[in-house]
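Here is a short tour of one protein, starting with the whole chain and ending at a single residue. Keep the structure open while you read.

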Amino acid sequence: MLGFLKHPVVVTADINLNVVALTALGLLSRLWQLSYPRAVVFDEVYYGQYISFYMKRIFFLDGSGPPFGHMLLALGGYLGGFDGNFLWNRIGAEYSSNVPVWSLRLLPALTGALSVPMAYQILSELGFSHCAAMGAALLMLIENALITQSRLMLLESVLIFFNLLAVLSYLKFSNSQKQRPFSPSWWFWLTLTGVACSCAVGVKYVGVFTYLLVLAVAGVHAWHLIGDRSLSNVSVLCHLLARAAALLVVPAAMYLLFFYVHLSLVYRSGPHDQIMSSAFQASLEGGLARITQGQPLEVAYGSQVTLKNVFGKPVPCWLHSHQSTYPMIYENGRGSSHQQQVTCYPFKDVNNWWIVKDPGRHQLVVSNPPRPVRHGDVVQLVHGMTTRFLNTHDVAAPLSPHSQEVSCYVDYNISMPSQNLWRLDIVNRDSDAGVWKTILSEVRLVHVNTSAVLKLSGAHLPDWGFRQLEVVGEKLSRGYHESTVWNVEEHRYGKSQEQKEREVELHLPTQMDVHRNLSFLARFLELQWRMLTAKSDGSEHKYSSSPLDWVTLDTSIAYWLHPRTSAQIHLLGNVVIWASASLATVVYTLLFFWYLLRRRRKICDLPEDSWLRWVLAGALCAGGWAVNYVPFFLMEKTLFLYHYLPALTFQILLLPVVLQHISDHLCRTQLLRSLFSALLVAWYSCACHVFNTLRPLTYGDKSLSPSELKALRWKDSWDILIRKY
């Protein structure tokens with residue numbers, strides 16, 4: 001029974017020394033002096049703020065992408081013992097002793113280092129030679145911009161890693177499909193493909209481009225699978241279900257998981273709360289939750305409320321009024337009603353309080369028992385501090401002449417009667433008898449006389465309106481829009497009928513103790529919507545550039561300057577690699593269409609297996625470059641050179657593919673192959689020379705004289721090669 005103990009247990013493993021060596025070189029190039037410079041470098045000033053928020057559990061919103069990448073950076077800070085106490089307010093600021101710089105930069109450096117052997121494995125899985133695979137990895141190793149970006153607390157190297165991991169995993173799955181479908185390794189690589197795709201999207205939204213590319217390739221392969229008559233219908237169905245589960249369900253579940261962990265970590269109120277809805281803010285610890293804790297849930301006649309506009313743009317604001325009136329004559333010569341101004345005010349103020357009044361009664365207090373206000377009820381809104389009624393009429397608004405002026409009615413004893421009846425329209429009601437609820441209900445106020453809807457126009461009033469936001473009556477309703485929707489944020493039951501006592505009451509906090517929380521799904525959907533609709537800063541930056549500048553290398557970014565010496569770090573690409581990769585893309589495109597036209601004429605220049613390998617390599621490499629580059633032409637946001645790095649990575653993978661194809665299929669004699677090999681050696685020597693020349697600006701560890709800096713300008717890069725060779 002125990003006879004197996006008589007023999008030693010032996011485990012054998014195949015170790016690819018090329019992968020080991022490339023991994024070691026990648027780690028050396030990315031981890032060497034990683035904590036230098038010990039100062040805030042370029043966008044570290046932004047990502048560092050988010051890490052501090054995580055450390056202090058403070059909610060934040062970043063419109064550039066989902067939270068997975070930020071959480072990975074924060075993990076480095078957590079493992080390094082970072083407490084979040086650092087003021088991220090200036091590029092170049094020296095890090096204090098409590099900031100674990102090495103730990104914070106470790107994860108981007110590791111992902112950048114592992115991208116080197118991953119490039120080798122991708123070309124190997126595509127069926128190209130070890131020489132071509134090694135060439136791709138070595139190009140990744142010495143590309144200056146990739147090194148610079150991966151040695152800092154930034155996310156591009158993390159995004160590139162998951163892009164490559166998704167492609168590599170799918171290729172390994174595809175190759176397993178040919179040998180052992182439904183084996184453990186088959187399931188592993190298929191599932192890992194979905195996980196890597198979701199991680200890429202979770203780091204930055206632009207990761208969805210690589211995800212869509214993988215889905216497209218998988219879709220084509222699945223289409224061919226359906227046509228395989230050697231497979232039974234049940235087998236084909238199992239294949240399709242497995243792919244749908246791994247490439248659709250798993251990424252969706254992972255994406256939700258990222259936000260679940262994120263919202264579990266950042267549960268405290270912070271500076272980004274204001275952009276969120278009142279219900280979301282009330283679900284956070286502190287802030288609005290502290291202010292609104294214990295408020296009555298149902299709004300009743302006599303309730304004292306503040307009304308926040310749901311749209312929240314250009315800034316979150318509350319319905320507001322004050323003693324000042326509209327000017328008799330505007331600057332453009334139009335007249336006004338000279339009634340009391342009604343605006344939207346972006347700060348909490350006692351003048352934001354309104355009393356919900358029953359038009360059929362005079363009392364301004366809540367009866368016992370309270371009479372809740374329901375959908376469709378007609379109400380009057382009385383301004384708490386001035387006791388004037390919210391009113392609109394057929395007078396043009398000050399800045400929106402096609403809309404009605406909204407005011408608090410002042411009786412001047414002229415032929416302008418008050419029109420202060422409003423019908424309550426609960427947009428998110430469960431039924432037509434729905435009750436108006438604090439924070440949870442989104443309502444529209446429709447003017448009974450004119451059918452105008454109370455709306456935030458978003459325009460800033462002139463100085464006579466104290467630069468507050470204009471509120472109008474939108475007479476022609478264009479359907480649902482958040483600018484016409486309001487919700488009750490603060491709420492109390494009014495108890496004082498006398499004005500003096502009521503003014504004191506409006507200044508008092510609520511006393512009841514009722515707690516409400518949004519569900520995770522509700523918070524996820526709102527946060528997702530706010531992130532997708534967040535307005536990016538479209539202003540010009542000193543180092544911003546256009547997508548055309550990236551291909552021609554007509555741009556760079558000064559990341560860091562030493563305050564005392566001339567040492568500095570610049571985001572600079574290796575001009576030989578960038579130019580060669582662009583040329584390889586053009587050559588591949590021309591050759592592909594040439595072969596395609598000849599195959600249409602029944603002329604097959606390539607064997608079928610070589611043609612399929614050539615097409616798949618182009619779909620993943622040239623396609624990867626295109627989907628990660630072309631969409632930037634359509635984006636209305638400030639762009640920088642580092643946005644091109646994911647696309648560049650796929651171009652670098654394509655370069656050895658084209659070079660091997662030329663050597664194997666176009667150089668038909670041994671002499672041509674020898675000459676081509678010699679040219680490749682000289683070309684790679686040039687790339688290494690440029691890498692070494694730009695190395696001081698990549699690592700920033702050497703002081704440079706003005707003449708040396710001038711020689712390293714982009715437009716002088718070719719002069720470097722000319723002088724050398």
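## The whole chain

Take the contacts in this predicted model with a separation of 6 or more: 75% of them join residues 24 or more positions apart. The protein has 21 helices and 14 strands, and its C-alpha trace spans about 105 × 70 × 65 Å along the principal axes.

What share of the 725 residues is buried? The figure is 53%.

## The MIR stretches

An unreviewed UniProt entry lists "domain: MIR" at residues 296-359, 370-427 and 434-491. Look at residues 296-359: this stretch is 0% helix and 41% strand, and its end C-alpha atoms sit 22 Å apart.

Now find strand 1 (residues 303-309), which pairs with strand 12 in the antiparallel sense over six bridges. One spot to check is Asn 309, whose bridge partner in strand 12 is Trp 486. Strand 12 itself covers residues 486-493, and seven of its eight residues are buried.

## Zooming in on Ser 441

Ser 441 lies in the loop between strand 8 (422-426) and strand 9 (443-447). Is Ser 441 buried or exposed? Its relative accessible area is 5%, so Ser 441 counts as buried, the cut-off being under 20%.

Which backbone atom does the side chain of Ser 441 reach? That would be the backbone nitrogen of Lys 437, at 2.8 Å. Beyond its neighbours within four places in sequence, Ser 441 touches several residues, including Ile 426, Trp 436, Trp 486 and Val 488.

Key: Residues numbered from 1 in each chain as written. Predicted model: local features only at pLDDT ≥ 70, side-chain atom pairs only at ≥ 80, totals over all residues. Heavy atoms only, no water. Buried < 20%, exposed > 50% of the residue type's maximum accessible area, 1.4 Å probe, protein only. Helix = DSSP H or I, 4+ residues; strand = E, 2+ residues; numbered from the N terminus. Pairing = 2+ DSSP bridges. UniProt positions renumbered as here; feature names shortened; annotations may be inferred. Polar contact = N/O pair within 3.5 Å; in protein donor to acceptor, adjacent residues only side chain to side chain. Contact = heavy atoms within 4.5 Å.
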